[in-house]
Amino acid sequence: MHSTQKTLLAALAAAAIAAAPAHAQNAAAEPGLPASAAAAVTPLVKLPYTPVLDTRSMDTTVDPCVDFYQYSCGGWQKNNPIPADQSSWDVYAKMAQDNRRVLWGILDKFALQTDGRTVSQQKIGDAFAACMDDRLTQQLGARPMQPELDLIAGMKSKKDLPTVLATLQLNSGDDGLFFSFGSAQDYADSSRVIAFASQGGLGLPDRDYYLKTDAKSKELRDKYVAHVARMFRLMGDSEDDANAHAATVMAMETALAKGSMTLVEQRDPRHLNHPANERRLQSLTPSFDWKTYLAGLGLAGNDRYNVSQPRFFQALDVQLRTRRLDEIKTYLRWHVAHVSAPFLSKPFVDENFEFFRHTLRGVTQVAPLWQRCVVLVDNQLGEALGQEFVKENFSPELKAKTLHMTQQIQAAMESEIRNLDWMGPQTKTKALEKLHGIVNKIGYPDKWRDYSALVIQRDDLLGNVQRGDAFEARRQLAKIGKPVDHSEWGMTPPTVNAYYDAQMNDINFPAGVLQPPLFDAKLDDAPNYGDTGGTIGHELTHGFDDEGRQFDAKGNLKNWWTKKDAAEFDKRTTCLTDQYGKYIVVDDVHINSKLTLGEDLADFGGLVLAIIAWKAEAAAHPAPQSIDGFTPDQRFFIGMAQWACANERPEQLRLQAATNPHSPNVYRVNGLVANFKEFEQAFSCKPGQPMAPVNRCHIW
Ligand SMILES: [Zn+2]
């Protein structure tokens, strides 16, 4: 239930490993240098410094009132071409890459089998060493996944599926195997953790990829089927068999896609709230023996479920009932190969890369091994690694400063709610109650996760990955029936991102995001309040966006709005969906503004709050009249815009248009400032110019 944030990084984290590691080669290489030059990237001991407002990143030949994004980021775009192993490149991605280089240095040190390593240090060091042992990985070829393939081959009838599936799901931590199963807070009672059964089972990024009829979508499907066939070839199937198997996979996944909800439908939590007991679960899928499956997960005796998408499970049942055993085996083999591929020998890594990174995202080069290994350890042992990261890279002063800014932003929201002209007193009381209930989590968890039960071996990469996934899956399942742990974090400390959790009713800022250039204690307040102030306001606003507003102060899915106020809110959000729906992402693809509404609202609210907080701060500590020729108001807005400087490949833009709840960065700046009179005044724009339209949206 984590609403995201300023970027998609975290949302991609899980997929990053399955679909080849996500981010980020530092393109430290000079433009024009061969790729081998980039390989000279080295580990870092300390994070580098970049100012929160960098005039070299601007393009002052552009009129800020015509294209503020270009004005603020034009220089950055020119100076920061997309590295060959990246699908996009932006300020957040660059920071994440710097963080990874610091983590690399840490892991290199603990990978040495020296005395005195703590249990956690030993685990991260050994996990990294196993991943970096490329000679062994190449030598083993496809063998590491053989035990799972044997498990599938050994199925005698469809009756064996529930037990086999439980094992494969635990080992893959992936929702690609027929459906997704885990735990989460009950929508109706957030103090309770229950089991969740949700849609899944697809190889492509979203159900729409299977169902859209335009030429581009058809082309991608053809390429996907060809990729699946090549994976079967790599597993040793004949060409005819491989082609037939790929067709079976496509047919089964398409049937599951048809039963799946769209991303927009899933934005409304009421669509996902379907409490069920085991009998109800069983009645949705008569062909699947849940008792046996649940016993396989170690969950016998539980009787509280939420079935997020009941219609999906009916579609799943049709597949399980009508498909032959060998077709089900084919489907399972494909998904096992798919999740294992990034950790097997080069032919698997390359084939996986070719479709999921090159075709789907436009990336031209596989990321270097060290980077994939850092991402893996961060994913699987994130708090053991994060503990080492914050020792050197997050000071108590930084925490105090951020907390101060957060409190100012919260005060700004309180005054904003009190002064809202369209919200009645009854809703306001509830809104304030919710605001006061929000917990701030800054930097890293108070207590670190204990990984001592997780077995890591220096000569077993895929085994480590599977045990790590199973460790996490079991940890999640073990929460069922227990009180909610409010101290837990959903992101690791080095993550360059932040989130609001509606059911926890908390905002979370990992240490990784509270660093220059996003938060810069060396520079003046104005750009800091525009940038990090805006981010804090953004996360806070998620509690009141179209999705978050449906949860109350305790995190329960409960309507606390009067009818009239809810209607007023909807009327105002329509202005934003109309505005953003007009923007083009790539070619003829528009923003799906019903999908991006929550994020567009959060950007809007974030800027409102940042402006209020910054004015309060500036009144207490007056800013210098001019720095680098810019007024404090101008520096506030340029600082705000420069978090978003980015270059993106067209393939990546297309994928994001289909799946990313955030609008493209250019509109997260230009679409945003166009709604603010304060911007028009700061840059003396003439009413009617692109960044100063006559009609604006007014929400908060
Ligand atoms: Zn967000």
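Predicted model: local features only at pLDDT ≥ 70, side-chain atom pairs only at ≥ 80, totals over all residues.
Mentor: Asp-628 sits in the loop between helix H26 (597-620) and helix H27 (632-642).

Trainee: What is phi of Asp-628 near?

Mentor: Phi of Asp-628 is near 55 degrees, a positive value in a residue that is not glycine.

Trainee: Is Asp-628 buried or exposed?

Mentor: Asp-628 is exposed, because its relative accessible area is 54% and the cut-off for exposed is over 50%.

Trainee: Which non-glycine residue has a positive phi of about 65 degrees?

Mentor: Phe-178 has that phi. Phe-178 is in the loop between helix H8 (161-172) and strand S3 (179-185).

Trainee: Buried or exposed, that Phe-178?

Mentor: Phe-178 counts as buried, because its relative accessibility is 1% and buried means under 20%.

Trainee: New topic. How many disulfides are there?

Mentor: The count comes to four disulfides. One of them joins Cys-73 and Cys-645, with sulfur atoms 2.0 Å apart. Cys-73 is in helix H3 (residues 68-79), while Cys-645 is in the loop between H27 and strand S12 (646-648), 572 residues apart. Both Cys-73 and Cys-645 are buried.

Trainee: What about Cys-575 and Cys-697?

Mentor: Cys-575 and Cys-697 also form a disulfide, their sulfur atoms 2.0 Å apart. Cys-575 lies in helix H25 (residues 563-581) and Cys-697 in the segment after helix H30 (677-682), so the pair ties together parts 122 residues apart in sequence. Cys-575 counts as partly exposed at 30% relative accessibility, whereas Cys-697 counts as buried at 4%.

Trainee: Back to the backbone. Where is the cis peptide bond?

Mentor: The bond from Pro-516 to Pro-517 is cis, with omega near 5 degrees. Pro-517 is in the loop between strand S9 (506-510) and helix H24 (525-542).

Definitions and conventions
Residues numbered from 1 in each chain as written. Heavy atoms only, no water. Helix = DSSP H or I, 4+ residues; strand = E, 2+ residues; numbered from the N terminus. Buried < 20%, exposed > 50% of the residue type's maximum accessible area, 1.4 Å probe, protein only. Disulfide = S-S within 2.5 Å.
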